Structure formats: structure tokens, C-alpha cells
Amino acid sequence: MEDETVECATRRWLERFVVGMGLCPFAASPLAQDRVRFVVSAASEEGALLVALQEEIAFLDRQPAIDTTLLIHPAVLQDFLAYNDFLDLADALLVDCDRDGVYQVASFHPSYQFAGTAPDAAENYTNRSPYPMLHLLREESVGRAVASGIDTNDVPVRNIQQMNKLGEKELARLLDACRSGP
């Protein structure tokens, strides 16, 4: 799979799904201002993905104008449970790099499933993406977004309602459209 194909599908997902549906009220501004970095990792095993994540942490340290990195890893952690377990390693890496509280890792996966939900529950699409990815974002940016006055407690509830209204079949179609092109 070519990096450009993966990046374009992810960009379409961010534009159409995340921003277009208003799933994250904080995503539009960084995207419009070109402060989102898209990185397609060639990692095919977890150790290499941790190295790539550490490199992105260092990159963000050097580039304060970039708010967030989407570290897309199509060749590793296809299984959601393995991916979910890996998130503990990602969080531990932030601690090891003394960046806990500076950055946080948000999780997106094609098979994302919230605890207590059925695999085909529409609400899982709030965190479903075309490919597995780690979203590395600055805590400072999150703080600014929260300070903007948006009621962050309302966002998950609203998103679940919106996903349930659209339904799993329509959401699957929309996500597939992000993968397949314009």
C-alpha cells in the first residue's frame, strides 16, 4: 500500500468524518491552518512503531507550530485488541520521554470498539478511521480549545446521538468512501 494512498484516505476521513460531521469541534482550525502532520509509518512490528512515535514526539518538540501528528500505521496492529493493548506502551513512552502532560495519545482504528458496545454499534464510528493510527496532540492545544468555551462534556453525547441517527450501514459506507477516493 502506497503512503500517498494511505495519507489521502486519512485526510479525507479527517475532512469529511471528523470535521465534516463535527465529531471534534477542535479539529477544523488546525486542519485549515496546516498545523496537522500526517505521517505514514512503515513499521511492521510494535517496536518499530514505538520508535516512530518517539520520533514524532521529538519532531513536535522541535516544531511548535504543528499542533498534532496523525501517525498512521497500516502494516502493524490491525487487530483492535492488540492495538488497544499497545496504547499502554504509547502512554508509557510519553512518561519515559518526560512528555506526559505535554502530549497525549488519542486512538483511532478501523475496528474501534468501546467497552460494553457491540462490534457493529454505530457509536464506535466516533473513533473509527480508515487505518490504525495514533493521534499525538499537544495538551496545550487541547487546553486552548477547551478554554474557547465549547462544552467538552457535551461532545461525546452529541457524537453518539449523531452516529446512532446515521446508523452503522451508512457510517460504514462513508468510511469506505474515505478509503476509496474522491
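**A walk from helix pair to pocket**

Start with helix 3, which passes helix 4 in a right-handed crossing (near helix turned clockwise from the far one by less than a right angle). Helices (H or I, at least four residues) and strands (E, at least two) are DSSP runs, numbered from the N terminus. You're looking at a predicted model, where local features need pLDDT of at least 70 and side-chain atom pairs pLDDT 80 or more, while totals for chains, interfaces and linings use all residues. Residues are numbered from 1 along each chain as its sequence is written, and side-chain values use heavy atoms, leaving out hydrogens and water.

Select 46-62 for helix 3 and 80-96 for helix 4: they pack at about 40°, axes 11 Å apart. Axes are lines fitted to C-alpha atoms, for helices over the stretch in contact, and angles run from 0 to 180 degrees between N-to-C directions. Show side chains for the contact (heavy atoms within 4.5 Å), including Leu49, Leu53 and Ile57 of helix 3 and Phe86, Leu89 and Leu93 of helix 4.

Four strands form an open sheet, order 1-2-4-3, with mixed pairing; two strands pair if DSSP finds at least two bridges between them. Strand 1 (36-40) and strand 3 are the edges, each pairing on one side only. Zoom in on strands 3 and 4, an antiparallel pair over six bridges, and find Val105 opposite Leu136 in strand 4.

Helix 5 lies across strands 3 and 4, at about 70° to strand 4.

Last stop: the largest pocket, with about 990 Å³ of space. On a 1 Å grid over the protein atoms alone, a pocket is an open set of points where a 1.4 Å probe fits, with protein on both sides within 12 Å along at least five of seven lines; lining residues have an atom within 4 Å of a point. Grid points are joined across faces, edges and corners, and the volume is the space filled by probe spheres set on them. Select Cys24, Pro25, Phe26, His135 and Leu137, which lie nearest its centre among 36 lining residues.
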